[in-house]
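Visitor: Could you take me through the salt bridges here, with a close look at who pairs with whom and how accessible the partners are?

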Amino acid sequence: MTTIRREVLTLPAASLGPDNPLPPLRPLDEAHRIDDRDRAGLPRDMARQVDHEPLRSLLPVMVRDGYDRTRRARELDALVIENDRLRATVLPALGGRIASLRHKPSDRELLYVNPVLQPANFALNGAWFSGGIEWNIGATGHTTLSCSPVHAARVPAPDGGEMLRLWEWERLRDLPFQVDLWLPEGSDFLYVGVRVRNPHERPVPTYWWSNIAVPEERRVLAPADEAYHFGYERRLRRVPVPEYDGIDRTYPLNSTYAADYFYDVPDGRRRWIAALDEHGHGLAQTSTDVLRGRKLFVWGTGPGGRRWQEWLTEPGTGGYCEIQAGLARTQLEHVGLDPESEVSWLEAYGPLEARPDGDWHTVLRGAEERLEEALPRADVDTAYEAWWAHADTEPGERLADGSGWGALEVLRADLKLPGTPFDASTLGEEQEPWLHLLRTGTLPEGGPHEPPGPTLVARPWRDMLETTAATPLAEYHLGIAQWHAGDRAQAVRSWERGLVGAAERWPLLRCLAAADQAGGHPERAAEQYAEAFDDLCAHRPEAADETDEAGGDDRWTAVAAALGREAIGALLAAGRTADARAVWERLDPATRDRGRFRLAEGELLAAEGRPEEARALFDGGFEVADLREGDESIGALWARLGDEPLPARHDFRMRPDGD
């Protein structure tokens, strides 16, 4: 019988820490953009979807950059769905990630299982970790839910057993979604039914990629003769499969640099991808045809790729690659979802044994035949129909709670979402002021010395902010909502109005500083940042002064670190080195010891004409925990300090030199 049970995983894990309390007003740091030269010649639907409402902002989501690299044994809540053939371990507090998928008869793990939990800056909003199967929804990149909880419950399965339902409200696009894990008795394949709904009266851009980590000592098979190659030089090229530039790229370790290969699977062909070891054992993923895209991501064997592999796990534990499946040909695209409509499909994950080496078409034919024997294509379609009949079934026993944002939206719009209840019981502290605004038309003032909290930016909330009393806090939130909508001049006016009578000016001054940066006014931005940081220090809680050596009050520490980091960068950009040093000196010692701030200190020392001291920081060693995927700031600073090669421990470069 299929069972679902709770379990606790204990593994070395770093702390996620607090979210960044400052609203993300800067342009999105998105690596998945292509050169305009590469748009010509794309298929018509692909060219249209590449330009279809790409994400411009992270709002209303906050950045998660408070994590560190100090790992200790921590307990993680897990949910295990198991039959006599497979055992899947799910982490509901971490985006519903499938951490492990084990085939019991062969005693083989089918996925790459990370032995540690180490957040790194790969998700759209920061914190992400590698390994397992993740569900990427929202926009190009790793989902903002990577390290966030989702709702989970038992649901009756089509065969009379149980399914594990995961669901949440995706906030970038305001879309509810569900993932149903169904493991029929005696099945070698885990079925995954997915539904994304658009409950709004407007079309919404949609994005989905199921991301599967597998050991990199594999050959990756997909039914295609061509692929779109995309690397960190941001060029999109159509290349042959399996060989490109005389090298068989279906072996991940044959590539030098990190790259994506989006396989162009012909229409009518079965949708599948597999990763097999040298003995022909491995994992296959297949689906109904709606999930059309298939992809291979490789880190490559270059120093930067190997360094990232070590960064995400324990050195010496083996690397991984990713095989993926998505709604479009590539991850550069967004698919339109009509008003009050939905899209759904069924995926299947299980073991595959087939010959991996040899002529490409012979290998593909053999693998497809073995996949058809193990799981006929028609059975996947039949399983989808059976699952679809149960997609609206109301959940039974609740196994985990996600956020309260979905409940707030359901209350606001009086939505009916059968199968995915967003109960009012999940509303929490973050939703409280917005619930008050919804019910009374007024926005309550926060407590003293606290960050204003997250802002809701969707049009209905913006309308409410425009009609509520024009308090400094309301003007702050209204300006952020207007900024998100592209009305930047009005946002600035709202923030300037909010300054009148504001007891604490730093949140509004910081917004104005960010606006000046975006508008190309570095001197004015630097002045606003300096004033904002001065105001923050003036309102610093006494408790933070008393506990400074131990890290200070948590809220003060997070705000001061975030604002101080931005201020130092703006002041250095404006040539105000002494003022940047003054900000640095007022940060608490625990903040200055963090790797991100050691790097900032190195930039400050270089600007002060003290290269030897900046070089000493490198010699002493530091780690920038939230170093962004593709970030080259460490190498840029090193190059300013001398001509020696960049030390391997700091080499995170993801592309060839000169590109």
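Guide: A search of the whole structure finds 55 salt bridges, each being a side-chain nitrogen of Lys or Arg within 4 Å of a carboxyl oxygen of Asp or Glu. The model is predicted, so local features need pLDDT of at least 70 and side-chain atom pairs count only at pLDDT 80 or more, while totals for chains, interfaces and linings use all residues. Residues are numbered from 1 along each chain as its sequence is written, and side-chain values use heavy atoms, leaving out hydrogens and water.

Let's start with R5 and E82, whose closest N and O atoms are 2.6 Å apart. R5 sits in strand 1 (residues 3–14) and E82 in strand 2 (residues 71–82), so this bridge ties together parts 77 residues apart in sequence. Helices (H or I, at least four residues) and strands (E, at least two) are DSSP runs, numbered from the N terminus. R5 is partly exposed at 32% relative accessibility, whereas E82 is buried at 12%; buried means under 20% relative accessible area, exposed over 50%, and partly exposed in between (1.4 Å probe, protein chains only).

Next come E216 and R306, which meet at 2.5 Å, N to O. E216 lies in the loop between strand 14 (208–215) and strand 15 (219–221) and R306 in helix 2 (residues 303–311), so the pair links parts 90 residues apart in sequence. Here E216 is buried at 5%, and R306 is partly exposed at 26%.

Finally, there is a network of salt bridges linking D45, E226, R238, D264, D267, R271, R292 and R329.
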